[in-house]
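Hi,

Here is the structure I promised to pass on.

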Amino acid sequence: MSNKLLEVKDLEKVFHLGGRFFGSKLKAVNKVNFDLDAEKPEILTFAGETGSGKTTVARMILGLETPTSGEVIYKGRNVTHIKKRKELLEYMKEVQPIFQNPFETFNPLKKVDSYLFEMAENYEIAKTKEEKQKGVEESLNSVGLTLKEIKGRYPNELSGGQLQRVSVARALVTRPSLLIADEPVSMVDASLRMSIVNLFAELKTKYNVSVLYITHDLATAYYISDRIAIMLRGDVVEFGDIDKVMLSPLHPYTQILLESVPQPDPEGTWKEDIKLSSLEVKEFSRLGCKFYERCPFAMKICKDVEPPYVFKDGREVKCHLYSEEIKNTEKSEETVN
Ligand SMILES: Nc1ncnc2c1ncn2[C@@H]1O[C@H](COP(=O)(O)OP(=O)(O)O)[C@@H](O)[C@H]1O
Ligand code: SF4
Ligand SMILES: [Mg+2]
């Protein structure tokens, strides 16, 4: 039995573009690798600007997008291309998504409690009506709600914060080991964000649930995460302990990201309209560092040579500044930007 909960190995996604970029390919995710421990639940954040590939990583893990290459292993089982309904159901029972916009997750004409009962039904969580009711109540209690509070109510009768709690409760009905939450608080009032992310921290400690937290919001990420992966144009450019990366960032992109702290993109959803800029396509297709055009420290080598991962000061960083081979040659040259 593997002691890993999740292993993501060399995961890649190439999209074939249409429209004005017809005929071009875009590698939205480039060889992403990470593990989650089965014994020690954790909150791992994926952060980076819009279009860096975060949602595509999440969708591939959830089986909503087929990887171009690479593997997703869950508890030692390869789940990259599960086809059989029974196996898929078993996997989905353990790995649950939390969607971005609670107002889109719930049909305005459907009572919110019915979603929780449907989960219990679809995943065959309980046999009797009483057992189902108990399971639903427990899930709601673990997010600070009761069945009495939400029973018979429609989405518009609840606040955004309450509704997002219900969607977390819904995901918990199957007693998952991993939640994949893509921008779960970007549509929630700023004043309530902290209470929702605190919930993830609580689920981790109380119920051993790991969370893949995808966000623009570096403040909440810092508050709850154990580790963080910074993504840029499909690459994880810096990855490691949250304190190391956020308090002493090494990658020039992480440094700039932390200075600017971007705002959430309220339009961004799991199936957003794809609008690409020329710079984006250029950066994605660059052989060398994807940050070359924008990096204040760019050197000649950065243009065409893909930076290697260097293990430095408790994290991995994908930048030529830290690679030994060029330490004494290129680095002494002037920067190009
Ligand atoms: N279905 C698709 N077809 C073509 N390009 C896509 C598709 N989905 C995503 N992309 C592109 O892949 C890149 C990564 O997108 P995404 O994973 O949504 O990034 P993020 O979640 O970090 O904003 C973006 O440039 C996006 O435009
Ligand atoms: S590899 Fe070069 S261009 Fe890329 S971040 Fe490092 S110094 Fe900047
Ligand atoms: Mg996204």
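Let's start with a strand pair: E3 (residues 43-47) and E8 (residues 210-215) run parallel and share five bridges. Within that pair, Ala-47 has Thr-215 of E8 as its bridge partner. Before I go on, some housekeeping: this is a predicted model, where local features need pLDDT of at least 70 and side-chain atom pairs count only at pLDDT 80 or more, while totals for chains, interfaces and linings use all residues. Residues are numbered from 1 along each chain as its sequence is written, chains are lettered from A and ligands numbered from 1 in the order in which they are written, and side-chain values use heavy atoms, with hydrogens and water left out.

A word on the names: helices (H or I, at least four residues) and strands (E, at least two) are DSSP runs numbered from the N terminus, and two strands pair if DSSP finds at least two bridges between them.

The eight-stranded sheet

E3 and E8 sit in an open sheet of eight strands with mixed pairing, ordered E6-E7-E8-E3-E9-E10-E12-E11. Strands E6 (95-98) and E11 (309-312) are at the edges with a single partner strand each, so one side of each has no neighbour in the sheet. On average, neighbouring strands here are turned by 20 degrees against each other, direction ignored. Angles like this one come from lines fitted to C-alpha atoms (for helices, over the stretch in contact) and run from 0 to 180 degrees between N-to-C directions.

Helix H2 (residues 85-94) lies across E6 and E7 (178-182), at about 60 degrees to E6. Helix H7 (residues 160-172) also touches E6 and E7, and its direction makes about 170 degrees with that of E6. Contact here means heavy atoms within 4.5 Å.

The four-stranded sheet

There is also an open antiparallel sheet of four strands, in the order E2-E1-E4-E5. Its edge strands are E2 (25-37) and E5 (77-78), each pairing on one side only. E1 (residues 4-16) and E4 (residues 69-74) are joined by five bridges, and Lys-9 stands opposite Glu-71 in E4. Helix H2 turns up here too, touching E1, E4 and E5 at about 70 degrees to E4. H1 lies across E1, E2 and E4, at about 120 degrees to E1.

A salt bridge

The whole structure has 24 salt bridges (a Lys or Arg side-chain nitrogen within 4 Å of an Asp or Glu carboxyl oxygen). One to look up is Glu-49 with Arg-233, whose closest N and O atoms are 3.8 Å apart. The two are 184 residues apart, with Glu-49 in the loop between E3 and H1 (54-61) and Arg-233 in the loop between E9 (227-232) and E10 (235-241).

On a 1 Å grid over the protein atoms alone, a cavity is a set of points where a 1.4 Å probe fits but cannot get out, and a pocket is an open set with protein on both sides within 12 Å along at least five of seven lines; lining residues have an atom within 4 Å of a point. Points are joined across faces, edges and corners, and a volume is the space filled by probe spheres set on them.

The second largest pocket has a volume of about 270 Å³. Among its 16 lining residues, the closest to the centre are Leu-62, Leu-64, Met-92, Pro-97 and Phe-99. H2, E6 and H7 each give two or more residues to the lining.

The largest cavity holds about 80 Å³. Closest to its centre are Cys-289, Cys-295, Cys-302, Cys-319 and His-320.

Cheers
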